[in-house]
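The entries below follow the order in which I checked it.

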Amino acid sequence: MKIIFNSILTVCIVLFITSCSEKEKKEEKFTITGEVTGFPDGTKFYLRNLATDAVFDSTTVENNNFKFEGHLYSPPEQIWLNASVDKKFIYTNLLIGNDNITVKGDISDFPWNVIIKGSKTQEDFNFSQSLTKENNIKRDSLVQAFMKLSQEKRQEIGSEIWKDIRKLDSITQSSRINYIKSHPNTYTSVIELGYLKNQLPKDTIQKIYENYTPEIKESKYAKVVEIYLRENITKIGDKFHDFEGMNQKGEKVKFSKVRGEYTLLDFTAAYCGPCIQAADELVEINKEYSDSLKIVSFTQDPKKDVWLKSLERDKVTWNSIWDGKGRYSETSIKYGIQGIPTFILINPEGIIIDKWSGYGKGSILRHLKKKLSQK
């Protein structure tokens, strides 16, 4: 009887501890307290999640102070803290968990000289940024100089400016790679490796990946690298990668079952500006090419309701597939998606015959006419 009682007591204690830990986890929150000068009262600051490209909170400056408070469900997160003053976009980058963060600086300190404290991941990120800060400031200055040029002057001296920018980018990339190799225990390192994986041999990436701690290897950022090492990332000339998810009707669908003779696979997201701009052209293409081409969209939205609302807005009638994993979905990684929108054209044999990113008016139609005229 005593043994049974002790067992019950042990179970109760375990359940109590589990319950408490879950409750504490739910109650974890972040605060971002700003002490800033140069911003008029009423200036709005926004938080934009770089994984979803969504603004998820805003607040206003009062007497040189502002404050955010909330909860991050998958920390640490890459976040843009930004505002606009006199039509000038002002920002700085955060890499935080549910921490108490302080942001201090003058309006002239943004983005590179703001003092941000309170988070170990942010401190690691700050150090990595300090290694390239000088080049980043020079690059910003050169880009601004280019933007101020007239169209005639851009033709005349613009190429020289961009030559200097490319030199800076090459030096900055080397610094980032050195940081990745020398800091195997930071989230910044694995995030940077995800961005720069195409610039390094796979055996080098494997060695770097093996040095990460178990905690970092379990993160969504490490998953990008892990899948890259494990899989062949699809490219033009390869057979399509099959995947499944839920469509807007709530049906579980497999891509191979819904693709057409020719298929345009569209990687998109609700808050992506160029994706929204592309929507009207996709609607027209869906009507004009309905006999020979099927459009299938894959959304990088992590939230189902956000995804569904965007389909109504964009008048999407073709299959849109959602798996709830956002930009860190295995599907996006296997297709080598670096930015959105990205379009992949697949022929009747299932071979990828074209792949491009970004959107300009008429650009999708131009790609399709060029490739479909060759069939």
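I took helices (H or I, at least four residues) and strands (E, at least two) as DSSP runs, numbered from the N terminus. The model is predicted, so I kept in mind that local features need pLDDT of at least 70, that side-chain atom pairs count only at pLDDT 80 or more, and that totals for chains, interfaces and linings use all residues. Residues are numbered from 1 along each chain as its sequence is written, and side-chain values use heavy atoms, with hydrogens and water left out.

Entry on cis bonds. I noted as background that most residues other than glycine have a negative phi, and most peptide bonds are trans. Pro 76 lies in the loop between β4 (65-70) and β5 (77-85). I then looked at Ile 340 and Pro 341, which are joined by a cis peptide bond with omega of about 0 degrees. I placed Pro 341 in the loop between α11 (330-334) and β14 (342-346).

Entry on positive phi. Asn 63 is not a glycine, yet I read a positive phi of about 55 degrees there. I located Asn 63 in the loop between β3 (54-60) and β4. For accessibility I used buried for under 20% relative accessible area, exposed for over 50%, and partly exposed in between (1.4 Å probe, protein chains only). Asn 63 has 60% relative accessibility and so counts as exposed.

Asp 86, also not a glycine, has a positive phi of about 50 degrees. I found Asp 86 in the loop between β5 and β6 (88-96).
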